[in-house]
Amino acid sequence: MVKKLWRSFSLGEWFGWLTLFGLCCILAVSCSRSTPQAADTGRITLGTTAKVSTIDPADAYNIFSGNLLYNLGDRLYSYQLGTTKLEPQLATALPTVSKDGLTYKIPLRQGVVFHDGTAFDAKAMTFSLERFMKNGGAPAFLLSDAVDSIQPTGAYELTIQLKKPFAAFPSLLAFSGACAVSPKAYEIGEGKFKPEEFVGTGAYKLVRFGTDSMQLEAFDRYWGGKPKNRGIDIQFFSSPANLFNAFRTGAVDVAYQGLALEQIRNLRESKADKGWQIVEETGSGINYLTLNMQSPPLDKLEVRQAIAAIVDRPLLQSRIFQGQIDPLYSLIPATLEEQKPVFERYGDRNIKKATELLQKAGYSESNPLRVEFWYRSNLPNDQLAAMTIRAIAQKHLGKIIQIDLNSIESTMAYNNLDKGIYPIFLLDWTPDFLDSDNYIYPFLECSKGSFEKGCEEGQSFSQGSFYYNKEANELIDRSRQELNSQSRTKLFGQLQDILAKDVPFIPLWQNKDFLFAQKNVQGASLEATQKVPLWMLRKS
């Protein structure tokens, strides 16, 4: 049968068949070569609109830089994935703390190496933390304000002496920039930074730092679990629109930070049809109003309480932010167990209470309250929120209150907060470390002041509130000395009660974080610390 078929072909037919066969062979060889190459890639492309000016842990101080350091480096402590529970990382156990709360002894992990092959030990960890404090970078104060000395008291034991008791100190040691760095790659000295390099002990090593892209490679000598991918390619986009289009077309595997409200809504609505994954978690960032207690009429308690009653958080959540925030009723977010939703006592859009309070303060339609409300001009969401709050007041309180809106660029605003020129300002806060202390101390603490003069030095002075309360200062000191978690929770409860009674700040909403992944990406997740564990990502 084969011979008959062979003989039936003409010379032309045979030549055509042979040509077709040859092309098929070429294609087969080409496909067989390309398949291993695709498998060898095993990489994840992440897109973002975030900006990174430095990756030096002693100087980096923004959310995305913190994400990079979280994946490139290791700290003494970190958080169990999916929780807010602290666990050892380069340490092998939680610290042993002296009775006076000043001395922390920390046992360290053995067998760890830096990306340049240098061995990790107590001397290397001491070098890293001292460099963080002494080089004078943006986050240096976090440790330098708290730490008196650091000593390697054994090859794998670290002893840290604090200036005064600080119960949240282990959580502070989980700050992304407090990671170990190679003593051979860095030096200690004012301003001696390496913004485009990183040599640590983490699951990835930095192989390229550019203005439009970065490249991380899996570290083959990593002491912990190996990444589920071979590396991460980070693409920086100039606008939310460009990032949005890149994700929709599949040009990036994962999108994080920078999409606008409407774009997030669009991706949510298209999720079912496109198979996109949307990871949505309540974040650690909060938004709030700071009220200048030295600026009439906000020096009147009833006025501050009335403004608290006017705010409508559910309206902001649904109409302005399209469900992309959570209402917040304390400066401490709901993700922490110490939260007590104390501002629920004022309600939302409680017009009756607001009217009664304003009348008690002496205001009426013939003698209306007039107050300036400031927001940051470069943040569209702030403008929308400010306009909504004013609209509620105008619609429901008539002529008894008049809110005048003003705006200023962020940098200028922060430079002027402590000058007392803003009666009300809409601001946000991202914690340096995930502990209730970092939502109370930076707002209510005042190191110098009086009831008559307000705060003259301290955190509330820097916030532009100028709030002074002797009892609050004493409770903050006690909370920083208290190591028992139940006792700390009680103290934070008392502090939140004082906050709601005196109203130097009004909590508005808690941010939500979003991570978008293509349908073939597995392991996409977000932590309460706003971190993305890149080592969990892989393509199916």
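## A cap on helix H4

Asp 121 caps the N-terminal end of helix H4. One of its side-chain oxygens sits 3.2 Å from the backbone nitrogen of Lys 123. The model shown here is predicted, and the values in this report are computed from it.

Helix H4 covers residues 122–134. That makes 13 residues, and the helix reaches 18 Å from its first C-alpha to its last. The span is close to the 18 Å expected at 1.5 Å a residue. Just after H4 comes Gly 136, with a positive phi of about 75 degrees.

Is H4 mostly covered or mostly open? It is mostly covered, with 10 of its 13 residues buried. Among them are Ala 122, Ala 124, Met 125 and Phe 127. Arg 131, Phe 132 and Met 133 are also on the buried list.

The buried residues of H4 pack against three elements: helix H5 (141–144), strand S6 (147–154) and strand S7 (157–162). An α-helix has 3.6 residues a turn, so residues three or four places apart point the same way.

## The whole protein

The protein has 540 residues, and 53% of them count as buried. There are 17 helices and 21 strands. The C-alpha atoms fill a box of roughly 110 × 65 × 40 Å, taken along the principal axes.

How do contacts span the sequence? Take the contacts between residues at least 6 apart in sequence: 69% of these join residues at least 24 apart. The accessible surface comes to about 24,400 Å². Carbon and sulfur atoms account for 51% of that surface. As for charge, there are 59 positive and 58 negative side chains. The centres of the two sets lie 6 Å apart.

## Strand residues and their partners

Thr 103 belongs to strand S5 (residues 103–107). Its side chain makes a polar contact with the side chain of Gln 161, at 2.8 Å. Beyond its neighbours within four places in sequence, Thr 103 is in contact with Thr 96, Val 97, Ser 98, Thr 159, Ile 160 and Gln 161.

Gly 47 is in strand S1 (residues 43–48). Is Gly 47 buried or exposed? Gly 47 counts as buried because its relative accessibility is 0%, and the cut-off for buried is under 20%. Its contacts beyond four places in sequence include Gln 235, Phe 237, Leu 243 and Val 252. Val 254, Ala 255 and Tyr 256 are also in contact with Gly 47. By C-alpha atoms, Gly 47 and Leu 162 are 40 Å apart in space and 115 residues apart in sequence.

Gln 215 is in strand S9 (residues 213–218). With a relative accessible area of 25%, Gln 215 is partly exposed. Leaving aside neighbours within four places in sequence, its contacts include Arg 43, Leu 206, Val 207 and Ile 232. Lys 205 is another contact of Gln 215. The C-alpha atoms of Gln 215 and Lys 205 are separated by 8.7 Å, and the two residues are 10 apart along the chain.

Ser 65 sits in helix H3 (residues 63–72). Why does Ser 65 count as buried? Its relative accessible area is 1%, and buried means under 20%.

Most residues other than glycine have a negative phi, and most peptide bonds are trans. Some places in this model go the other way. The peptide bond from Pro 296 to Pro 297 is cis, with omega near 5 degrees. Pro 297 lies in the loop between strand S12 (277–291) and helix H9 (301–310).

Which phi value does Gln 257 take? Its phi is positive, near 70 degrees. Gln 257 is in the loop between strand S11 (254–256) and helix H8 (261–274). The residue is partly exposed, at 23% relative accessible area. Arg 349 also has a positive phi, near 50 degrees. Its loop runs between strand S13 (325–327) and helix H11 (351–360). Arg 349 counts as partly exposed, at 32% relative accessibility.

Definitions and conventions. Residues numbered from 1 in each chain as written. Predicted model: local features only at pLDDT ≥ 70, side-chain atom pairs only at ≥ 80, totals over all residues. Heavy atoms only, no water. Helix = DSSP H or I, 4+ residues; strand = E, 2+ residues; numbered from the N terminus. Buried < 20%, exposed > 50% of the residue type's maximum accessible area, 1.4 Å probe, protein only. Contact = heavy atoms within 4.5 Å. Areas by Shrake-Rupley, 256 points an atom, 1.4 Å probe, with all protein chains shown as cover. Lys, Arg positive; Asp, Glu negative; His and termini not counted. Charge placed at Lys NZ, Arg CZ, Asp CG, Glu CD. Expected span 1.5 Å × (residues − 1). Polar contact = N/O pair within 3.5 Å; in protein donor to acceptor, adjacent residues only side chain to side chain.
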